[in-house]
Amino acid sequence: MSGALPLRKGASAIAEYKKILKTVLENRPSGTRQRLATALGKTPVEANDFPGFIATRILMPMINEAISSLHEGVAGVDEIDTIMKLGMAHPMGPLQLADFIGLDVCLAILRVLHDGFGNPKYAPCPLLVNMVTAGDLGVKSGRGFYDYGHGTKDLVVAPGFAKN
């Protein structure tokens, strides 16, 4: 058997790559990790060794809360995303970002975090579960919180969420 890695699709391939990279680097001096990250064109940032990637632990509850706010009728798709873009200086709102990540991927990540930590802040919103079950996965399926089947780059809120 060669040293080649088996091919995997999507998130599992990325997770496997990160696992291997972590294994290779975890016992190396900090300076080695810093130099490797810099050589790869990345900005190295050290964080304590805890389960879950810090960006994922912060991002997924934010996306889930945006979905919950929509589900509870607090605000609409456009309002939630516009508030986060203007008020928090995000380049895109959390619902648009969820569509780009893939709603199925967001759901899978939230389930892993919820199962792993047992913390209710990671429990997926029922709206997200229902959308994934219905096949509305975001950009990859042509519809999520926005409709991507109209052939332009304009953001068009999906029919189920459009205000009358």
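View 1. Ala-158 is buried, with a relative accessible area of 1%; buried means under 20% relative accessible area, exposed over 50%, and partly exposed in between, for a 1.4 Å probe and protein chains only. Not counting residues up to four places away in sequence, Ala-158 touches Arg-143, Gly-144, Phe-145, Tyr-146 and Asp-147, contact being taken as heavy atoms within 4.5 Å. This is a predicted model, in which local features need pLDDT of at least 70 and side-chain atom pairs count only at pLDDT 80 or more, while totals for chains, interfaces and linings use all residues. Residues are numbered from 1 along each chain as its sequence is written, and side-chain values use heavy atoms, with hydrogens and water left out.

**View 2. The aromatic pair of Phe-145 and Phe-161**. The structure holds three aromatic pairs, among them the tilted pair of Phe-145 and Phe-161, at 5.6 Å centre to centre and 35° between the planes. Rings of Phe, Tyr and Trp (its six-membered ring) pair if their centres lie within 6.5 Å, and planes under 30 degrees apart count as stacked, over 60 as edge-to-face and the rest as tilted. The pair links distant parts of the chain, 16 residues apart, with Phe-145 in the loop between helix 7 (126-133) and strand 1 (146-147) and Phe-161 in the segment after strand 2 (156-157). Phe-145 is buried at 0% relative accessible area, whereas Phe-161, at 22%, counts as partly exposed.

**View 3. The contact of helix 3 with helix 4**. The axes of helix 3 (residues 54-71) and helix 4 (residues 77-88) come within 9 Å and cross at roughly 140°; axes are lines fitted to C-alpha atoms over the stretch in contact, and angles run from 0 to 180 degrees between N-to-C directions. Met-62, Ala-66, Ser-69 and Leu-70 of helix 3 meet Val-77, Ile-80 and Met-84 of helix 4. Ser-69 is buried, with a relative accessible area of 15%, and, leaving aside neighbours within four places in sequence, Ser-69 is in contact with Val-74, Ala-75 and Ile-80.

Technical notes: Helix = DSSP H or I, 4+ residues; strand = E, 2+ residues; numbered from the N terminus.
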